[in-house]
Amino acid sequence: MDELMTYLQQPGFERLWRAVADKYQRHGRVGGRVQLTRLSDEEVDALSGLLAMNFVGRTEVAIQLVKVDEALRNSKFRVGLVEVLGRLFPDLRTREEQLADASASWTAFRDWAKAGVHRPAVLDWIERLSEGNAPGYRTYMDCYRAYQRIGRCDDWRIAMKALEVSLSPHRVWRLPVFAAEVTGDPHGLDRNTLAGKVFYWGLVALTVDSDAADSPFISALQPTATSDSEHVDDLDSTDTANDAPSESMRQVYLKAGIRLDDVSSIVWVGNWAGLFEVPVALPLMALDNHMTKVPAVDSVYVVENPSVFAELIEQLPFGVPVVCTSGQPSVAALRLLDMAVAAGSTIRYNGDFDVKGLQMTLSLGNRYGDAFEPWYMDAYTYRLASHEKQPELSDREVQMLQSLNVDWDDELIPAMTLVRKKVFQEQIISKLLSDF
């Protein structure tokens, strides 16, 4: 170690150099002052020697950076403060330098992302992504972080290849089959992979290029989202417990001639004269490919939980249609209920008295409007069924309930926030059966 470094690395200078480095990094110049408190004897000796000032007896000092620079230049080492900081902190960069580096890195990534891409619509999407003004920005940032680590992002290249193929004429095929063809891996474009997310956002954005417009699959997806916010819930939302995609997400893929899993998305239905008299689990595939309408009935009774569905099927008279969503309504469930409403039926829905149960009730009510009626989702039923042994509503759940606009019963939310109990469908089966 040379004599200068030995001098600079005295314990009495350690806090001074760190404070000076922080100040210089933030302002990018030798200026301002640093404050040191609770000075040790070592620090008093070191500072007194460097600045040619007597700090004996002082417990704190304010030191101007220009004075430190002047003292270093007048010392036997004849060096400036900036050079000293460079020796002590080799990786030190001013904020201005950091911003310049970041800008250069971001531009390099944008150029790398565009390499090998020929379609104007895709190039325009990448340009808008780099400006933070296109759907998929957060996913683009994930790719950028991968690029920063290793100088490339393989998932980005996979997605670009998939987008190129999706814009070319092809038969309608399911995503795993398409992924196997393009990437060699049936799961290569799964929604939980980075490549899959990039591919999805590309499909959302690709509409304005004339080549894309010529595709028989791509249509009016408007590339106006400024972030992932417009569709981000689609990437994370499910329509059943087994992570099925949302209805709007399916439409994005279908416009590119790609089907998502239409077998796992199911709806239970039974006791429906002219349709299914015994309980049947209908997959979305059957509803899309083999059914266009359902027999007209006055009301279709929809429940959230399978056990309640089973009890109703066994105890209701024949001809009272019952549908089970098994929690959050699947795309298959929505498709069936759409057909029922189109045939003139009223959807009568009963769910759990908790946050999710009321959210699902509101969602279905918004979808079907005048063709929807909450079924025993009222304050009277709630109070009647609540008791000490039921689970408590947490403070957070109470807050969420208070944010809901339950327009069918003004007393329901006040009752639930007062009683603070969760009431489940299984506890009001007798009430549901009393209608028949």
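## Leu418 and helix H21

Leu418 is exposed, with a relative accessible area of 72%. Exposed means over 50% relative accessible area, buried under 20%, and partly exposed in between, with a 1.4 Å probe and protein chains only. Leu418 sits in helix H21, residues 412-419. Helices (H or I, at least four residues) and strands (E, at least two) are DSSP runs, numbered from the N terminus. Between Leu418 and Val398 there are 9.2 Å in space, C-alpha to C-alpha, and the two are 20 residues apart in sequence.

This is a predicted model: local features need pLDDT of at least 70, side-chain atom pairs count only at pLDDT 80 or more, and totals for chains, interfaces and linings use all residues. Residues are numbered from 1 along each chain as its sequence is written, and side-chain values use heavy atoms, with hydrogens and water left out.

## H18 against H20

Helix H18 (residues 355-368) and helix H20 (residues 395-402) have axes that come within 10 Å and cross at roughly 20 degrees. Axes are lines fitted to C-alpha atoms, for helices over the stretch in contact, and angles run from 0 to 180 degrees between N-to-C directions. That angle makes H18 roughly parallel to H20. Angles under 35 degrees count as roughly parallel, over 145 as roughly antiparallel, 65 to 115 as roughly perpendicular, and the rest as oblique.

The crossing of H18 past H20 is left-handed. A crossing is left-handed if the near helix is turned anticlockwise from the far one by less than a right angle, and right-handed if clockwise. H18 brings Val355, Leu358 and Gln359 to the contact, and H20 brings Glu397, Met400 and Leu401. Contact means heavy atoms within 4.5 Å. The residues of this H18-H20 contact divide into four nonpolar, one polar and one charged. Ala, Val, Leu, Ile, Met, Phe, Trp, Tyr, Cys and Pro count as nonpolar, Asp, Glu, Lys and Arg as charged, and the others, Gly among them, as polar.

## H11 against H14

Helix H11 (residues 194-205) packs on helix H14 (residues 247-254) at an angle of about 75 degrees, with the axes 9 Å apart. H11 is therefore roughly perpendicular to H14. From H11, the contact takes Gly196, Phe199, Tyr200, Leu203 and Val204; from H14, it takes Met249, Val252 and Tyr253. By class, the H11-H14 contact has seven nonpolar, one polar and no charged residues.

Helix H7 spans residues 120-130, and its buried residues are Ala121, Val122, Trp125, Ile126, Arg128, Leu129 and Ser130. Just after H7, Gly132 takes a positive phi of about 75 degrees.

H7 and H9 pack at about 145 degrees, with their axes 12 Å apart. Val122, Trp125, Ile126 and Leu129 of H7 meet Trp156, Met160 and Leu163 of H9. The contact of H7 with H9 has seven nonpolar, no polar and no charged residues.

## Aromatic pairs

The structure holds 25 aromatic pairs. Rings of Phe, Tyr and Trp (its six-membered ring) pair if their centres lie within 6.5 Å; planes under 30 degrees apart count as stacked, over 60 as edge-to-face, and the rest as tilted. Tyr140 and Trp156 form an edge-to-face pair, 5.6 Å centre to centre with 65 degrees between the planes. Tyr140 lies in helix H8 (residues 137-150) and Trp156 in helix H9 (residues 154-166), so the pair ties together parts that are 16 residues apart in sequence. Tyr140 is buried at a relative accessible area of 1%. Trp156 is buried, with 1% relative accessibility.

Trp375 and Phe436 are also edge-to-face, at 6.3 Å centre to centre and 80 degrees between the planes. Trp375 lies in the loop between strand E10 (372-374) and helix H19 (379-385), and Phe436 in the segment after helix H22 (429-433), so this pair ties together parts that are 61 residues apart in sequence. Trp375 counts as buried at 0% relative accessibility, and Phe436 as partly exposed at 37%. Ring pairs also link Trp106, Phe109, Trp112, Trp125, Tyr140, Tyr144, Tyr147 and Trp156 into a cluster.

## Positive phi in two loops

Most residues other than glycine have a negative phi. Arg38 has a positive phi, near 50 degrees. Arg38 lies in the loop between strand E1 (33-37) and helix H3 (41-51). Arg38 is exposed at 77% relative accessibility.

Asn271 has a positive phi of about 65 degrees. Asn271 lies in the loop between strand E5 (266-270) and strand E6 (280-283). Asn271 counts as buried, at 5% relative accessibility.
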